[in-house]
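This report goes through a structure step by step, from the meeting of its chains to details of single residues. Please keep the sequence and the 3D view at hand while reading.

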Amino acid sequence: MVPLSYYLLLSGFLFACGVAGFLIKRNIITIFMSIELMLNGVNLSFVAFAAHWHSLAGQIFVFFVMVVAAAESAVGLAIIIAVYRTRETLNVDQVNLLKL
Amino acid sequence: MTSSLNLWLIPVLPLAGAAINGFLGKKFSRTAVSVVGLFFSGAAFAWALSVAARVSFPHDPELFAHWIRSGGFTVDFAFYLDQLSLVMLLVVTGVGFLIHFYSVGYMWDDPSYYRFFTYLNLFMFFMLTLVLASNYLMMFIGWEGVGLASYLLIGFWFTKDSAASAGKKAFIVNRVGDFGFLIGIFLIIQHFGSLDFTKVFAQVAPLAPETAGAGFLTAIGILLMVGACGKSAQIPLYVWLPDAMEGPTPVSALIHAATMVTAGVYMVSRSHLIFERAPMALMVVAVIGTLTALFAATIGIVQTDIKKVLAYSTVSQLGYMFMACGVGAFSAGIFHLMTHAFFKGLLFLGAGSVIHAVGGEQDMRKMGGLGSYILWTAITMGIATLAIAGIPPFAGFWSKDEILWKAYQANWIYWLIGVITAFITSFYMFRLFFMTFLGDYRGIQVDAHGHARAADGHDGHGHGEPHESPMVMLVPLMILAVLSIVGGLVGIGNRFEHFLEPVFGSGAVAEAAGEAASSAKEYLLMGVSVTVAVLGFILAYVLYVIKPYLPQKIADGLNGFYTTVLNKYYVDELYARLFVKPLIDGSTSILWQGIDRKVIDDTVNNAADGARTISDNARHMQSGNLRSYAGWIAAGSAVVIAFMIWMGVR
């Protein structure tokens with residue numbers, strides 16, 4: 001049986017990749033994918049703990065996360081299309097109207 | 001327990017009048033305002049008369065309502081009537097009613113007619129509260145209230161700058177005196193645990209006089225006298241009264257001659273048990289009174305404004321009253337208070353009638369020869385002049401002579417100054433009379449003059465020729481003239497003194513016994529005071545009727561001294577230099593520029609500036625750049641996680 005710590009290390013690695021991608025990348029699509037990566041990294045730790053403690057709560061929680069993530073991608077992609085149509089760019093550095 | 005006389009009605013009636021006229025008077029016609037004002041002051045007078053007819057002394061204090069109950073210390077709304085307050089009551093309501101009556105004629109053309117009667121009635125309420133109070137605190141309420149009414153009425157024509165500042169001056173100078181009065185009241189509470197006259201005096205009575213040194217009774221006495229100095233315009237606080245002449249003339253008659261300014265004399269007389277046990281305080285009273293009498297009389301000689309002469313005369317006569325109180329002759333002081341209310345009220349009303357006749361002019365140099373135009377005013381004022389000068393058998397003679405006799409018994413110096421003052425009084429009063437009524441008319445007789453004056457907001461009525469006042473103004477003059485003639489007769493054979501004996505104690509009786517033995521001396525002194533009064537008359541006649549060019553020569557001869565007296569000994573300037581200017585400078589440089597601007601304002605401004613600077617810097621965090629937000633979130637999470645790990649490790 002694979003030890004719990006392996007799963008957690010992988011989960012942390014995936015999350016860190018997500019964070020790094022979010023911070024470094026300028027393309028909104030890529031940033032969006034980085035968010036998904038972070039979510040799935042967390043999901044992995046949930047299922048790993050669920051298996052380790054023999055508790056279904058973690059598994060159920062992962063379903064919730066997936067549902068929310070699906071909804072979020074639907075809304076998020078719609079926003080991205082709207083942004084692209086109005087500003088004709090997907091570079092976040094140029095989408096900076098939200099400031100004082 | 002004597003049956004109740006409903007004393008509370010007497011002050012409350014004028015209060016009702018003030019309330020009705022004050023809240024509704026703006027919409028009333030002048031007639032309605034007059035009816036309300038006269039009805040309520042007249043009703044108070046009528047009720048006072050009915051009380052006087054029915055009362056039997058001693059009359060227990062009448063409780064109206066509880067006020068302060070704090071542990072063993074109680075103060076109630078209660079009214080106290082004895083012979084002293086009865087005299088005051090009748091003087092205040094009687095003279096007050098006459099002056100209300102007179103005001104109907106005098107103030108008829110004033111646009112704020114209803115306001116005038118509101119204030120007059122309000123004044124009556126407070127004055128009657130003061131007189132009928134059964135404890136020092138209620139007396140103080142009345143005391144402050146009459147001060148308020150006085151302020152409102154002095155500044156009645158508040159659009160005139162001098163009137164507004166005269167009102168302020170009166171109020172502020174009175175505050176100085178009231179402060180002393182208040183401290184005196186505190187001392188009374190501290191030592192006697194009560195403010196009720198009956199309780200305090202019951203505790204004072206068995207105490208021995210503080211002959212050896214000054215004790216708390218002396219302190220109380222002197223502090224009360226400070227209060228009396230403010231209200232009754234004695235040295236050093238007399239400066240407000242001459243300025244108070246800015247008010248309408250009926251106000252000067254009622255408040256600044258007949259009633260309010262005598263409140264100090266009343267208060268000192270009311271506290272006579274305290275003063276009798278504090279010889280030093282009594283001496284202070286006598287010295288202040290004597291000095292004020294002389295000092296104010298000398299200023300009165302050179303004044304040219306008819307009302308200013310009367311104002312200084314009032315200060316001087318009040319000095320006489322305090323002199324009487326100071327030598328322990330309280331009943332003589334109250335006697336003079338009463339006769340003074342008659343003849344000085346009459347003098348002021350007469351002066352009002354003169355001012356009315358010449359269209360608002362107050363300068364006597366522009367009068368003269370008015371006797372032929374306004375005969376009734378001249379006759380009544382002549383009677384008042386004879387009365388104040390101390391010519392028998394007019395009222396002033398009896399009371400002034402009583403005071404001088406008592407002063408002589410105490411110390412001949414008081415008597416001497418009193419006689420000199422009597423001479424000066426006689427002189428300046430006849431001077432006023434001659435300058436106003438005899439000789440040739442020196443005013444301008446064109447029609448425009450009256451209107452021009454009226455536009456000044458003076459006691460203005462547009463007129464050409466001097467003309468007699470309407471009946472509504474003359475009747476009070478005549479009634480007061482009769483009182484000025486016969487008012488002194490109640491003093492014959494010490495009847496007035498015997499009437500007040502239950503209040504002021506048996507000291508008066510002992511003196512009366514001694515008086516019989518030395519009646520020859522009394523007649524001699526009486527002769528002296530009559531002689532000086534006549535001398536004053538002759539001197540004034542010579543200077544202002546026979547040789548009217550002489551006074552100017554004499555004034556030129558005494559150049560420096562004359563100017564000093566004309567400028568009222570520069571007392572106002574001295575006070576301005578000593579008290580007013582340092583206070584204003586201190587307030588400006590320390591309180592305003594120092595504390596207000598530098599400390600309070602700067603604290604507020606710097607706090608705001610600081611908040612602005614910090615936010616100005618912090619707002620750059622919100623750049624609108626998505627990745628920098630993400631950076632902040634990542635950094636924040638890193639810090640939180642680091643903190644949690646650190647906590648867990650520990």
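## Contact between the chains

Two residues are in contact if their C-beta atoms, placed from the backbone, lie within 7 Å. By that rule, eleven residues of chain A are in contact with ten residues of chain B. The chain A side of this meeting consists of eight nonpolar residues, one polar and two charged. Here Ala, Val, Leu, Ile, Met, Phe, Trp, Tyr, Cys and Pro count as nonpolar, Asp, Glu, Lys and Arg as charged, and the others, Gly among them, as polar.

The model is predicted: local features need pLDDT of at least 70, side-chain atom pairs count only at pLDDT 80 or more, and totals for chains, interfaces and linings use all residues. Residues are numbered from 1 along each chain as its sequence is written, while chains are lettered from A and ligands numbered from 1 in the order in which they are written.

## Chain B as a whole

Chain B has 27 helices and two strands. Helices (H or I, at least four residues) and strands (E, at least two) are DSSP runs, numbered from the N terminus. Along the principal axes, the C-alpha atoms of chain B fill a box of roughly 115 × 70 × 55 Å.

Of the 650 residues in chain B, 50% are buried. A residue is buried if 20 or more other C-beta atoms lie within 10 Å of its own, exposed if 12 or fewer, and partly exposed in between, with C-beta atoms placed from the backbone. Among contacts in chain B with a separation of 6 or more, 80% join residues 24 or more positions apart.

## Two helix pairs

Two packed helices are described by the angle between their axes and the distance between the axes. Axes are lines fitted to C-alpha atoms, for helices over the stretch in contact, and angles run from 0 to 180 degrees between N-to-C directions. Angles under 35 degrees count as roughly parallel, over 145 as roughly antiparallel, 65 to 115 as roughly perpendicular and the rest as oblique.

In chain B, the axes of α5 (residues 136-154) and α6 (residues 161-192) come within 9 Å and cross at roughly 175°. α5(B) and α6(B) are therefore roughly antiparallel. Their contact involves 13 nonpolar, four polar and two charged residues. Among the residues that meet are W143(B) in α5(B) and F171(B) in α6(B).

The axes of α13 (residues 279-302) and α18 (residues 412-437) of chain B also come within 9 Å, but cross at roughly 25°. α13(B) is therefore roughly parallel to α18(B). In their contact, eleven residues are nonpolar, six are polar and none is charged.

## Helix α23 of chain B

Helix α23(B) (residues 519-546) has 28 residues and reaches 38 Å from its first C-alpha to its last, close to the 40 Å expected at 1.5 Å a residue. The expected span is 1.5 Å times one less than the number of residues. Its buried residues include V532(B), G536(B) and A540(B). The buried residues of α23(B) pack against α16, α17, α18 and α24 of chain B.

A cis peptide bond joins F57(B) and P58(B), with omega about -5°. P58(B) is in the loop between α2 and β1 of chain B.

H54(A) is not a glycine, yet has a positive phi of about 55°. H54(A) lies in the loop between α2 and α3 of chain A, and counts as exposed because it has 6 C-beta neighbours inside 10 Å.
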